[in-house]
Amino acid sequence: MKNLVLGNEALAQGAIDAGISGVYAYPGTPSTEITEYIQKSKTAKSLGIHSTWSVNEKTAMEAALGMSYTGKRAMVVMKHVGLNVASDVFMNMAVSGINGGLVVVVADDPSMHSSQNEQDSRFYGKFAQIPILEPSNQQEAYNMMHYAFDLSEELQLPILLRMVTRLSHSRSGVTFKERRMQNGMQLPVDTKRFALIPAFAREQYETLVNKKSLLVDSSEVSKFNKLELKDPSIGVICSGIAYNYVMENIGEDNDYSILKISQYPMPKDQIKALYDYCKMVLIIEEGYPFIEEILHDYFEENPKIIGKLSGDLPFTGELTPNIVGKALGLTRHIDEGIPSIVSGRPPQLCDGCGHTDMFNAINELIPEIGDKNVFGDIGCYALGALPPLNSINTLIDMGASITMAKGAADAGMEGAIAIIGDSTFTHSGMTGLLDAVYENTPITVIISDNSAVAMTGAQDSSALGRIKSICLGIGVDPEHLKMVVPLRKNHKEIVNILREELNYKGVSVIIAQRACVRLSSDKKEEIRQKIALIN
Amino acid sequence: MNINIILSGVGGQGILTIAAVLDTAALSENLNIKQSEVHGMSQRGGAVQSHVRISDSEIYSDLIPEGKADMILSVEPMELLRYIPYLKKDGWLVTDSKSFENILDYPKRDALYKQIKTYKNHIIINATSEAKKIGNSKAANMILLGAASTLLPLSKESLTEAIKKLFARKSEKIVKLNLEAFEKGIERAQNYTEFVYCD
Ligand SMILES: Cc1ncc(C[n+]2csc(CCOP(=O)(O)OP(=O)(O)O)c2C)c(N)n1
Ligand code: SF4
């Protein structure tokens with residue numbers, strides 16, 4: 001019987017069955033369920049597969065590379081913006097190469113359902129000059145894992161596997177195959193290639209560049225790429241999930257000429273064959289016009305090639321079966337709109353959430369400090385940027401609250417406030433706090449600590465029970481490190497402490513600690529015990 | 001056979017339980033399934049939906065095309081209307097009458113019901129209060145599923161087996177409650193009388 005699983009779960013099971021020894025990850029929608037599946041898997045547990053969350057994507061990827069260094073297979077998982085954080089190691093491990101198979105799974109979020117941007121990770125794969133895989137359905141996602149690890153070990157390169165929200169979060173029946181053994185420990189024969197001092201790095205980079213034709217050859221014969229030449233009037237190139245939307249519109253018995261791309265670098269010969277055969281080429285891809293731009297490079301700016309750049313498909317937002325149908329000239333019916341009586345329903349903080357108490361305190365002081373002084377960060381508390389709270393002015397990337405407040409204070413802003421969650425603080429806030437401590441910059445940092453990574457589904461936070469000691473360790477003056485309990489009854493006290501610290505001309509940190517109200521009472525008890533153990 | 005159903009509600013209302021029952025039933029009938037769902041930001045009290053597609057042939061798109069849904073099944077009346085663009089001509093609307101009002105500009109309820117009634121095929125039932133009578137307001141979604149099931153080509157047997165299977169983890173009592181709710185929904189749909197709103 002088939003197993004009904006999310007695209008993310010299919011990948012996770014695929015990785016277990018492909019013989020990984022560990023998954024390293026930091027949560028982020030739409031990638032989170034991959035790691036969670038492995039954490040909950042009894043098989044993974046019995047096989048001793050590592051699956052504990054990392055502090056951020058960079059530490060995750062480095063640990064995965066460390067595991068690969070020993071000859072074992074490792075997977076590292078993140079959302080698209082996570083790859084920005086891990087990009088240093090990502091670029092460099094393409095140069096060093098890997099030892100045990102290493103697959104980097106990155107889930108993009110076109111339409112920004114839960115993200116700050118809709119960057120297309122395929123560019124990173126091209127940038128690093130490594131193979132990219134892009135599954136179009138759940139079964140393919142499962143099958144690709146095994147293939148990806150083989151390819152990685154064969155080419156001695158990390159492989160980038162790109163997911164998108166709709167595939168990550170859609171279920172379908174998937175057939176699982178047999179599981180293979182993990183690799184044994186086998187350290188690299190020559191460790192020189194992992195030591196990227198310039199002399200060795202130049203040699204390694206040469207090796208990487210020389211692999212280019214091997215990579216293209218592999219795409220050319222890949223079972224995941226498929227060329228069918230039928231009607232020559234229009235050829236369609238579609239990648240990943242876009243293939244499904246095309247098939248949804250044209251059905252099984254069609255006479256379209258189609259090139260499905262699920263492995264990059266692009267299969268040049270197949271593209272050339274389609275291009276020569278067809279009068280027009282329509283490119284349908286989820287994300288940026290990645291294939292389309294490359295085709296314009298191959299064939300020069302060419303009116304025969306249409307897609308997002310020519311305006312035949314929208315540049316922004318995700319594809320839908322209707323958008324694709326329209327580009328194919330097949331969707332005719334006039335869409336009925338949403339009835340005007342329907343109001344928008346944006347997400348909001350839960351009733352009783354501790355973040356709200358902190359925003360209420362900040363908002364009370366806004367008449368004194370001005371309404372442009374609050375630098376926000378990413379997490380549930382980002383919803384403080386929306387009405388009715390309207391407290392936060394900025395939200396850019398994880399950790400930027402503290403550092404942007406510092407920059408503004410350096411520029412002369414008085415009473416700059418940063419508000420950051422516990423997990424975001426350990427992800428990327430600690431280093432910025434050290435910058436501020438080093439110069440004793442006049443900022444007030446509120447760490448709104450709910451003992452969880454709540455936004456992404458209440459995962460365990462590495463920060464648990466350690467925030468205060470981290471701040472003291474970084475050098476925050478104990479006189480200006482305040483603890484509060486964000487509850488309505490403490491409102492006055494919190495406002496007073498906040499006012500006092502805003503008047504202090506140096507770094508202050510206020511830790512507001514109360515568990516997320518969505519956590520079960522069992523979980524809260526577990527947290528209490530863990531904190532007691534740490535302290 | 002092809003069925004396209006949009007499930008809708010507000011983050012936290014549990015539409016995925018309905019999806020899980022449909023999926024499990026369809027799988028037991030050896031049908032193909034694709035079911036997309038929302039994870040992330042919107043789950044914090046925002047609008048959420050799930051696209052459930054069931055077929056005896058291959059299903060390509062994870063999303064239902066606009067104008068192709070046979071049914072919108074909603075646990076909240078305004079959220080039902082948000083997905084009207086997906087509804088097929090003469091498709092069915094099934095919804096709980098109970099509103100979830102966590103926004104300031106929530107429309108007037110009587111106007112909402114009036115709008116729903118402009119679509120020929122609709123079932124509006126006070127599932128939440130019916131569920132309370134049975135013993136737990138959370139069973140409202142199984143009442144709605146029961147009502148919807150009278151319009152779907154899935155067998156009653158496979159749906160009830162799916163309910164048993166999915167709730168077995170919790171307790172025998174919860175299984176019974178949900179089966180009762182499911183039956184209640186069937187009964188309400190079969191003896192449907194137009195919903196009358198009284199404030
Ligand atoms: C680089 C990067 N990684 C991951 C995410 C996804 N993400 C957004 S908020 C968040 C967790 C925030 O946790 P915390 O700071 O504790 O706030 P909470 O949601 O608990 O209030 C994560 C993992 C992201 N936006 N950017
Ligand atoms: S999930 Fe937790 S942290 Fe997020 S809004 Fe709800 S109570 Fe607040």
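## Around ligand 1

In this predicted model, ligand 1 has 26 residues around it. The ones that come nearest are A:Glu57, A:His355, A:Asp422, A:Thr424 and A:Ala454.

Some of the polar contacts to ligand 1 can be spelled out. A:Thr424 uses its side chain: a polar atom there lies 2.6 Å from an oxygen atom of the ligand. With A:Ala454 it's the backbone that takes part, with a polar atom 2.8 Å from a ligand 1 oxygen.

## Around ligand 2

Ligand 2 sits in the largest cavity. On the chain A side, its surroundings include four cysteines, A:Cys350, A:Cys353, A:Cys380 and A:Cys516. A:Leu349, A:His355, A:Asn450, A:Ala454, A:Val517 and A:Arg518 are there too, and chain B puts in B:Arg44. Because residues from both A and B surround ligand 2, the site is shared between the chains.

What kinds of residue make up the shell around ligand 2? Seven are nonpolar, two are polar and two are charged.

## Where the chains meet

Now for the interface itself. On the chain B side 44 residues are in contact, and they touch 46 residues of chain A. Interface size is often quoted as the accessible area lost when the parts come together. Here chain B and chain A bury about 4,100 Å² between them, with 54% of that on carbon and sulfur atoms. Of the area that chain B buries against chain A, 22% comes from B:Met41, B:Arg44 and B:Tyr60, more than any other three residues supply.

How many residue pairs are in polar contact across the interface of chain B and chain A? The rule finds 23, counting pairs with both residues at pLDDT 80 or more. It also picks out four salt bridges between the two chains. In one salt bridge, the side chains of B:Arg53 and A:Glu248 meet at 2.9 Å, N to O.

Key:
Residues are numbered from 1 along each chain as its sequence is written. Chains are lettered from A and ligands numbered from 1 in the order in which they are written. This is a predicted model: local features need pLDDT of at least 70, side-chain atom pairs count only at pLDDT 80 or more; totals for chains, interfaces and linings use all residues. Side-chain values use heavy atoms; hydrogens and water are left out. A residue is near a molecule or strand if one of its heavy atoms lies within 4 Å of it. On a 1 Å grid over the protein atoms alone, a cavity is a set of points where a 1.4 Å probe fits but cannot get out, and a pocket is an open set with protein on both sides within 12 Å along at least five of seven lines; lining residues have an atom within 4 Å of a point. A molecule sits in a cavity or pocket if more than half of its atoms lie within 2 Å of its grid points. Ala, Val, Leu, Ile, Met, Phe, Trp, Tyr, Cys and Pro count as nonpolar, Asp, Glu, Lys and Arg as charged, and the others, Gly among them, as polar. Contact means heavy atoms within 4.5 Å. Buried area is the accessible area (1.4 Å probe) that two parts lose on being put together, summed over both. A polar contact is a pair of N or O atoms within 3.5 Å; within protein, one must be able to donate a hydrogen and the other to accept it, and residues adjacent in sequence count only if both atoms are side-chain atoms.
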